[in-house]
Amino acid sequence: MLRDITIGQYYAVESRIHRLDPRVKLMGTLIYIISLFIAKGIVGYVVAGLFLGVIIRISKVPLRYMMRGLKSIIFILLLSVSFNIFLTEGTVLVQIGFLHITKEGLILAAWMAVRLVFLILGSTVMTLTTTPNNLTDGLEKGLGFLKKIHVPVHEMSMMMSIALRFIPILIEETDKIMKAQMARGADFETGTIIQKVKAMVPLLVPLFVSAFRRASDLAMAMEARCYHGGEGRTKMKPLCYRKQDLAAYSILVLYLVSVVVLRFI
(Lines give C-alpha, C1' and ligand atoms only; values in the text may rest on other atoms or scores of the structure.)
Protein backbone atom coordinates (compact mmCIF):
# COMPACT_ATOMS: atom_id res chain seq x y z
CA MET A 1 0.00 0.00 0.00
CA LEU A 2 2.82 2.41 0.87
CA ARG A 3 4.45 1.84 -2.51
CA ASP A 4 1.21 2.85 -4.20
CA ILE A 5 1.29 6.45 -2.93
CA THR A 6 2.36 8.63 -5.86
CA ILE A 7 1.70 12.09 -4.38
CA GLY A 8 4.91 14.14 -4.20
CA GLN A 9 6.87 11.84 -6.51
CA TYR A 10 8.43 13.00 -9.77
CA TYR A 11 8.38 10.75 -12.84
CA ALA A 12 11.45 11.66 -14.89
CA VAL A 13 10.68 11.40 -18.59
CA GLU A 14 10.91 13.75 -21.57
CA SER A 15 7.51 15.07 -22.67
CA ARG A 16 5.74 18.29 -23.65
CA ILE A 17 3.96 18.42 -20.30
CA HIS A 18 7.27 18.15 -18.43
CA ARG A 19 8.69 21.06 -20.44
CA LEU A 20 5.79 23.40 -19.67
CA ASP A 21 6.23 26.28 -17.26
CA PRO A 22 5.21 25.19 -13.72
CA ARG A 23 2.81 28.16 -13.54
CA VAL A 24 0.93 26.74 -16.52
CA LYS A 25 0.62 23.35 -14.82
CA LEU A 26 -0.54 24.92 -11.56
CA MET A 27 -3.15 27.01 -13.35
CA GLY A 28 -4.14 24.03 -15.48
CA THR A 29 -4.70 21.88 -12.39
CA LEU A 30 -6.81 24.62 -10.81
CA ILE A 31 -8.88 25.04 -13.99
CA TYR A 32 -9.41 21.29 -14.26
CA ILE A 33 -10.58 21.04 -10.64
CA ILE A 34 -13.00 23.93 -11.22
CA SER A 35 -14.28 22.27 -14.38
CA LEU A 36 -15.08 19.08 -12.46
CA PHE A 37 -17.45 21.02 -10.21
CA ILE A 38 -18.95 22.87 -13.18
CA ALA A 39 -19.46 19.76 -15.34
CA LYS A 40 -22.92 18.26 -15.28
CA GLY A 41 -24.26 15.14 -16.95
CA ILE A 42 -22.61 12.41 -18.95
CA VAL A 43 -21.39 14.67 -21.74
CA GLY A 44 -19.61 17.04 -19.34
CA TYR A 45 -17.76 14.25 -17.56
CA VAL A 46 -16.92 12.53 -20.84
CA VAL A 47 -15.27 15.75 -22.04
CA ALA A 48 -13.38 16.05 -18.73
CA GLY A 49 -12.27 12.42 -18.98
CA LEU A 50 -11.12 12.77 -22.60
CA PHE A 51 -9.19 15.93 -21.76
CA LEU A 52 -7.47 14.20 -18.84
CA GLY A 53 -6.72 11.15 -21.00
CA VAL A 54 -5.07 13.29 -23.66
CA ILE A 55 -2.94 15.08 -21.04
CA ILE A 56 -1.82 11.77 -19.52
CA ARG A 57 -1.00 10.46 -22.98
CA ILE A 58 1.11 13.53 -23.80
CA SER A 59 2.87 13.39 -20.42
CA LYS A 60 4.17 9.86 -21.24
CA VAL A 61 3.54 8.77 -17.65
CA PRO A 62 2.08 5.22 -17.65
CA LEU A 63 -1.60 5.20 -16.72
CA ARG A 64 -1.01 2.08 -14.61
CA TYR A 65 1.52 4.04 -12.53
CA MET A 66 -1.00 6.84 -11.96
CA MET A 67 -3.79 4.42 -11.07
CA ARG A 68 -1.66 3.07 -8.23
CA GLY A 69 -2.22 6.35 -6.41
CA LEU A 70 -5.97 5.68 -6.25
CA LYS A 71 -5.44 2.77 -3.84
CA SER A 72 -4.50 5.21 -1.08
CA ILE A 73 -7.89 6.99 -1.30
CA ILE A 74 -10.13 3.92 -1.52
CA PHE A 75 -11.36 4.44 2.06
CA ILE A 76 -12.24 8.12 1.43
CA LEU A 77 -13.87 7.18 -1.86
CA LEU A 78 -16.01 4.44 -0.29
CA LEU A 79 -16.95 6.71 2.63
CA SER A 80 -18.12 9.57 0.42
CA VAL A 81 -20.01 7.20 -1.90
CA SER A 82 -21.71 5.50 1.06
CA PHE A 83 -22.88 8.81 2.51
CA ASN A 84 -24.39 9.81 -0.81
CA ILE A 85 -26.09 6.44 -1.31
CA PHE A 86 -27.71 6.18 2.12
CA LEU A 87 -28.34 9.84 3.03
CA THR A 88 -29.82 11.19 -0.20
CA GLU A 89 -33.59 11.58 -0.28
CA GLY A 90 -35.58 10.43 -3.30
CA THR A 91 -37.16 7.34 -4.84
CA VAL A 92 -36.45 4.44 -2.46
CA LEU A 93 -35.12 1.33 -4.18
CA VAL A 94 -33.96 -0.73 -1.18
CA GLN A 95 -34.87 -0.34 2.51
CA ILE A 96 -32.47 -1.75 5.12
CA GLY A 97 -33.81 -0.86 8.57
CA PHE A 98 -33.55 2.89 8.98
CA LEU A 99 -31.19 3.08 5.99
CA HIS A 100 -32.49 3.37 2.45
CA ILE A 101 -30.94 3.39 -0.98
CA THR A 102 -32.49 5.83 -3.41
CA LYS A 103 -32.20 6.24 -7.16
CA GLU A 104 -31.00 9.81 -6.76
CA GLY A 105 -28.42 8.65 -4.19
CA LEU A 106 -26.95 6.09 -6.57
CA ILE A 107 -26.67 8.68 -9.35
CA LEU A 108 -25.09 11.25 -7.04
CA ALA A 109 -22.68 8.65 -5.63
CA ALA A 110 -21.59 7.64 -9.15
CA TRP A 111 -20.88 11.26 -10.13
CA MET A 112 -19.04 11.82 -6.84
CA ALA A 113 -16.82 8.78 -7.40
CA VAL A 114 -15.98 9.86 -10.96
CA ARG A 115 -15.26 13.41 -9.77
CA LEU A 116 -12.90 12.24 -7.01
CA VAL A 117 -11.02 9.87 -9.33
CA PHE A 118 -10.57 12.60 -11.96
CA LEU A 119 -9.53 15.10 -9.29
CA ILE A 120 -6.83 12.81 -7.88
CA LEU A 121 -5.52 11.86 -11.33
CA GLY A 122 -5.48 15.49 -12.46
CA SER A 123 -3.52 16.57 -9.38
CA THR A 124 -1.16 13.61 -9.76
CA VAL A 125 -0.26 14.69 -13.30
CA MET A 126 1.05 17.99 -11.93
CA THR A 127 3.22 16.44 -9.20
CA LEU A 128 4.54 13.65 -11.46
CA THR A 129 5.60 16.09 -14.20
CA THR A 130 6.96 18.90 -12.02
CA THR A 131 10.03 18.79 -9.79
CA PRO A 132 9.68 20.18 -6.24
CA ASN A 133 12.07 23.05 -7.09
CA ASN A 134 10.07 24.05 -10.16
CA LEU A 135 6.86 23.76 -8.18
CA THR A 136 8.26 26.13 -5.55
CA ASP A 137 9.38 28.62 -8.22
CA GLY A 138 6.01 28.42 -9.95
CA LEU A 139 4.06 29.03 -6.76
CA GLU A 140 6.28 31.92 -5.74
CA LYS A 141 6.18 33.54 -9.16
CA GLY A 142 2.49 32.94 -9.74
CA LEU A 143 1.47 34.30 -6.33
CA GLY A 144 4.01 37.12 -6.33
CA PHE A 145 1.26 39.75 -6.38
CA LEU A 146 0.33 38.74 -2.81
CA LYS A 147 3.63 40.17 -1.56
CA LYS A 148 2.10 43.63 -1.88
CA ILE A 149 -0.21 42.81 1.02
CA HIS A 150 2.70 41.28 3.00
CA VAL A 151 1.82 37.62 2.43
CA PRO A 152 4.96 35.44 2.89
CA VAL A 153 4.66 33.80 -0.53
CA HIS A 154 8.23 32.47 -0.66
CA GLU A 155 8.01 30.87 2.78
CA MET A 156 4.64 29.28 1.97
CA SER A 157 5.97 27.91 -1.33
CA MET A 158 9.08 26.57 0.36
CA MET A 159 7.06 24.79 3.05
CA MET A 160 4.79 23.20 0.44
CA SER A 161 7.77 22.09 -1.62
CA ILE A 162 9.50 20.56 1.42
CA ALA A 163 6.28 18.80 2.43
CA LEU A 164 5.88 17.28 -1.04
CA ARG A 165 9.54 16.31 -1.13
CA PHE A 166 9.33 14.58 2.24
CA ILE A 167 6.30 12.43 1.34
CA PRO A 168 8.24 9.78 -0.66
CA ILE A 169 11.10 9.93 1.88
CA LEU A 170 8.77 9.23 4.81
CA ILE A 171 7.00 6.49 2.83
CA GLU A 172 10.33 4.77 2.22
CA GLU A 173 11.27 5.21 5.89
CA THR A 174 7.93 3.74 6.99
CA ASP A 175 8.43 0.74 4.72
CA LYS A 176 11.88 0.09 6.21
CA ILE A 177 10.58 0.34 9.79
CA MET A 178 7.65 -2.00 9.00
CA LYS A 179 9.98 -4.61 7.53
CA ALA A 180 12.30 -4.32 10.54
CA GLN A 181 9.40 -4.71 12.98
CA MET A 182 7.95 -7.65 11.03
CA ALA A 183 11.36 -9.33 11.12
CA ARG A 184 11.12 -9.06 14.94
CA GLY A 185 7.69 -10.69 14.99
CA ALA A 186 5.35 -7.69 14.69
CA ASP A 187 2.00 -8.39 13.01
CA PHE A 188 0.27 -5.49 11.21
CA GLU A 189 -2.28 -7.52 9.24
CA THR A 190 -4.30 -9.76 11.55
CA GLY A 191 -6.43 -9.04 14.63
CA THR A 192 -9.22 -6.63 15.48
CA ILE A 193 -9.15 -2.91 14.75
CA ILE A 194 -7.97 -2.14 18.29
CA GLN A 195 -5.19 -4.72 18.01
CA LYS A 196 -4.09 -3.26 14.67
CA VAL A 197 -4.00 0.24 16.19
CA LYS A 198 -1.88 -1.02 19.09
CA ALA A 199 0.44 -2.77 16.64
CA MET A 200 1.05 0.58 14.92
CA VAL A 201 2.62 2.12 18.05
CA PRO A 202 6.05 0.48 17.49
CA LEU A 203 5.87 1.86 13.96
CA LEU A 204 4.79 5.44 14.72
CA VAL A 205 7.33 6.20 17.46
CA PRO A 206 10.49 5.59 15.37
CA LEU A 207 8.81 7.23 12.37
CA PHE A 208 8.17 10.45 14.30
CA VAL A 209 11.70 10.39 15.71
CA SER A 210 13.11 9.98 12.20
CA ALA A 211 10.89 12.77 10.82
CA PHE A 212 11.99 15.22 13.53
CA ARG A 213 15.62 14.25 13.01
CA ARG A 214 15.37 14.91 9.28
CA ALA A 215 13.62 18.25 9.92
CA SER A 216 16.38 19.25 12.35
CA ASP A 217 19.11 18.28 9.87
CA LEU A 218 17.38 20.27 7.13
CA ALA A 219 17.05 23.34 9.36
CA MET A 220 20.73 23.18 10.31
CA ALA A 221 21.75 22.79 6.66
CA MET A 222 19.67 25.83 5.65
CA GLU A 223 21.16 27.91 8.48
CA ALA A 224 24.69 26.80 7.55
CA ARG A 225 24.05 28.12 4.03
CA CYS A 226 22.78 31.46 5.42
CA TYR A 227 19.24 30.96 4.19
CA HIS A 228 17.12 34.00 5.09
CA GLY A 229 13.96 33.79 2.97
CA GLY A 230 13.03 35.04 -0.46
CA GLU A 231 13.90 38.73 -0.11
CA GLY A 232 16.76 39.60 -2.46
CA ARG A 233 17.25 36.02 -3.69
CA THR A 234 17.99 35.43 -7.37
CA LYS A 235 17.23 32.44 -9.60
CA MET A 236 19.73 30.40 -11.55
CA LYS A 237 16.99 29.61 -14.09
CA PRO A 238 14.33 32.36 -13.94
CA LEU A 239 10.91 31.39 -15.23
CA CYS A 240 9.74 32.90 -18.49
CA TYR A 241 6.81 32.04 -20.73
CA ARG A 242 7.39 30.51 -24.16
CA LYS A 243 5.13 29.94 -27.13
CA GLN A 244 4.17 26.46 -25.96
CA ASP A 245 3.08 27.88 -22.59
CA LEU A 246 0.83 30.47 -24.24
CA ALA A 247 -0.62 27.75 -26.46
CA ALA A 248 -1.31 25.64 -23.36
CA TYR A 249 -3.15 28.57 -21.75
CA SER A 250 -5.29 28.90 -24.88
CA ILE A 251 -6.18 25.20 -24.77
CA LEU A 252 -7.11 25.47 -21.09
CA VAL A 253 -9.40 28.43 -21.75
CA LEU A 254 -11.10 26.61 -24.62
CA TYR A 255 -11.59 23.54 -22.43
CA LEU A 256 -13.11 25.54 -19.59
CA VAL A 257 -15.42 27.42 -21.95
CA SER A 258 -16.59 24.15 -23.53
CA VAL A 259 -17.40 22.67 -20.09
CA VAL A 260 -19.35 25.80 -19.12
CA VAL A 261 -21.26 25.79 -22.40
CA LEU A 262 -22.13 22.09 -22.07
CA ARG A 263 -23.51 22.69 -18.58
CA PHE A 264 -26.07 25.22 -19.78
CA ILE A 265 -27.07 23.45 -22.98
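Reader: What should I know before I start?

Author: The model is predicted, so to speak of local features we need pLDDT of at least 70, and side-chain atom pairs count only at pLDDT 80 or more, while totals for chains, interfaces and linings use all residues. Residues are numbered from 1 along each chain as its sequence is written, and side-chain values use heavy atoms, with hydrogens and water left out.

Reader: How much space lies in the largest pocket?

Author: Rolling a probe the size of a water molecule over the atoms shows where empty space is left. On a 1 Å grid over the protein atoms alone, a pocket is an open set of points where a 1.4 Å probe fits, with protein on both sides within 12 Å along at least five of seven lines; lining residues have an atom within 4 Å of a point. A volume is the space filled by probe spheres set on the points. Here the largest pocket holds about 890 Å³. Its lining has 37 residues, and Pro132, Asn133, Asn134, Thr136 and Asp137 are the closest to its centre. Helices (DSSP runs of H or I, at least four residues, numbered from the N terminus) that give two or more residues to this lining include helix 7 (132-142) and helix 8 (153-183).

Reader: Which residues lie nearest the centre of the second largest pocket?

Author: They are Ile17, Leu20, Ile55, Ala248 and Leu252, among 22 lining residues. The second largest pocket has a volume of about 510 Å³. By class, its lining has 15 nonpolar, five polar and two charged residues. Ala, Val, Leu, Ile, Met, Phe, Trp, Tyr, Cys and Pro count as nonpolar, Asp, Glu, Lys and Arg as charged, and the others, Gly among them, as polar.

Reader: How many salt bridges does a search of the whole structure find?

Author: A salt bridge is a side-chain nitrogen of Lys or Arg within 4 Å of a carboxyl oxygen of Asp or Glu. The search finds five. One of them joins Arg19 to Glu14, with the closest N and O atoms 2.7 Å apart. Another pairs Lys179 with Asp175 at 3.4 Å; these two are four residues apart in helix 8, about one helical turn.
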